[in-house]
Amino acid sequence: MILNDFLKALGQLGDRRFLGVMAKGVGLTILLLAAVTVATLWGLGWLLPDQFTLAGITIKWVDNLVSWAFVGIMLLASVFLMVPVASLFTGFFLEEVADAVEDRHYPHLPSVTPVPIGDTVRDSIGFFGVLIVMNLIAVALALVFLPVAIFIFWAINGFLLGREYYQMVAMRRLGRDGANADRKQNWLTVWIAGILMAAPLSVPLINLVVPVLGVATFTHLFHRLQRQSPVQTV
């Protein structure tokens, strides 16, 4: 059944609202990483001398050498930073994805009151922080238990993605307290669905569509679970 929810989400991937959210998330991510790189390069160029002498040897173009080295470091770091930063920015627009899913598949539902922008920003930044910390823990565990490193990565990120995306979808219909109760009631199903979302995180480029596919999948999952065991709305 979870796979069916995912296939429904995948079938809507060409929806213009899906594509719009992905474009905004990835675009803002690239702009942020580029801005950080340019600002740091400017700072290094201002702080470092053009040359200096060490043990009687004059080393020229110091600032250029350090700048090029930093560009290389940022290109490498962007491989790892792209997904969490894209998730942060995409989180600001995920309600558009849930709306698109409900408009197509659940047109009989009443409209919802949009989540206040302050709550969206707070939740997205909070999730970003937890995502970074937990993935650092995952890296440490992976180094110790190398043969099962990929499963540790999937398990931790599956838990985080499931918790975040299901909470966001459920909160639109049940409020924060109702969403918490619903998620805890269905924690194992939510975790398994989260692992399904976490697996593509290790595939470059494909991982950039995970936030959108994740919310769409959990929107279907939420409505299916509500039909089976409804939680009182607020």
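**Close-up views of a predicted helical model**

**View 1. Q167 and the residues it touches.** Not counting residues up to four places away in sequence, Q167 touches G162, R176, A179, N180 and R183. The model shown here and in every view below is a predicted one. Q167 lies in helix α6. Is Q167 buried or exposed? Its relative accessibility is 10%, and Q167 therefore counts as buried, the limit being under 20%.

View 2. The protein has eight helices and two strands. Followed along the sequence, these elements come in the pattern α-α-β-β-α-α-α-α-α-α. Of the 234 residues in the protein, 42% are buried. How much of the contact with a separation of 6 or more is between residues 24 or more positions apart? Such pairs account for 77% of those contacts.

**View 3. Helices α5 and α6, side by side.** Helix α5 covers residues 117-144, and its axis comes within 9 Å of the axis of α6. The two axes cross at roughly 165°. An angle over 145° counts as roughly antiparallel, and α5 and α6 are therefore roughly antiparallel to each other. The crossing in which α5 passes α6 is right-handed. Which residues meet here? From α5 come D119, R122, D123, F127, V130, L131, M134, N135, A138, L141 and A142. From α6 come A149, I152, F153, I156, N157, L160, L161, E164, M171 and R176. By class, the residues of this contact divide into 14 nonpolar, two polar and five charged. R176 of α6, which meets α5 here, is also one of the residues touched by Q167 in the opening view.

**View 4. R173, a buried arginine in α6.** Stay with helix α6, which spans residues 149-185, and look for R173 in it. R173 has a relative accessible area of 16% and is therefore buried, since the limit is under 20%. Now find P110: R173 and P110 are 63 residues apart in sequence. How far apart are R173 and P110 in space? From C-alpha to C-alpha, the distance is 9.6 Å.

**View 5. Helix α8, mostly covered.** Helix α8 runs over residues 210-228 and has 19 residues. From its first C-alpha to its last, α8 reaches 26 Å, close to the 27 Å expected at 1.5 Å a residue. How many of the residues of α8 are buried? The count is 17 of 19, and α8 is mostly covered. T217 lies in this helix and is buried, with a relative accessible area of 1%. Leaving aside residues within four places in sequence, T217 is in contact with D5, F6, A9 and M197.

View 6. Helix α7 (residues 187-198) and α8 have axes that come within 10 Å and cross at roughly 155°. That angle makes α7 roughly antiparallel to α8. Their crossing is right-handed. On the α7 side, T189, V190, A193, G194 and M197 take part, meeting V210, L213, G214, T217, F218, L221 and L225 of α8. The contact has eight nonpolar, four polar and no charged residues. In the loop between α7 and α8 you can find N207. With a relative accessible area of 10%, N207 is buried. N207 and M197 are ten residues apart along the chain, and their C-alpha atoms are separated by 9.1 Å.

View 7. Helix α4 (residues 94-105) has twelve residues, which should span 16 Å at 1.5 Å a residue. Its end C-alpha atoms are 17 Å apart, in agreement with that value. Which residues of α4 are buried? They are L94, E95, V97, A98, A100, V101 and E102. The axes of α4 and α8 come within 9 Å and cross at roughly 50°, and the two helices are therefore oblique to each other. The crossing is right-handed. Here L94, V97, A98, V101, E102 and H105 of α4 make contact with P211, V212, V215, A216, T219, H220 and H223 of α8. By class, this contact has eight nonpolar, four polar and one charged residues.

Conventions. Residues are numbered from 1 along each chain as its sequence is written. This is a predicted model: local features need pLDDT of at least 70, side-chain atom pairs count only at pLDDT 80 or more; totals for chains, interfaces and linings use all residues. Side-chain values use heavy atoms; hydrogens and water are left out. Helices (H or I, at least four residues) and strands (E, at least two) are DSSP runs, numbered from the N terminus. The expected span of a helix is 1.5 Å times one less than its number of residues. Buried means under 20% relative accessible area, exposed over 50%, partly exposed in between (1.4 Å probe, protein chains only). Contact means heavy atoms within 4.5 Å. Axes are lines fitted to C-alpha atoms, for helices over the stretch in contact, and angles run from 0 to 180 degrees between N-to-C directions. Angles under 35 degrees count as roughly parallel, over 145 as roughly antiparallel, 65 to 115 as roughly perpendicular and the rest as oblique. A crossing is left-handed if the near helix is turned anticlockwise from the far one by less than a right angle, and right-handed if clockwise. Ala, Val, Leu, Ile, Met, Phe, Trp, Tyr, Cys and Pro count as nonpolar, Asp, Glu, Lys and Arg as charged, and the others, Gly among them, as polar.
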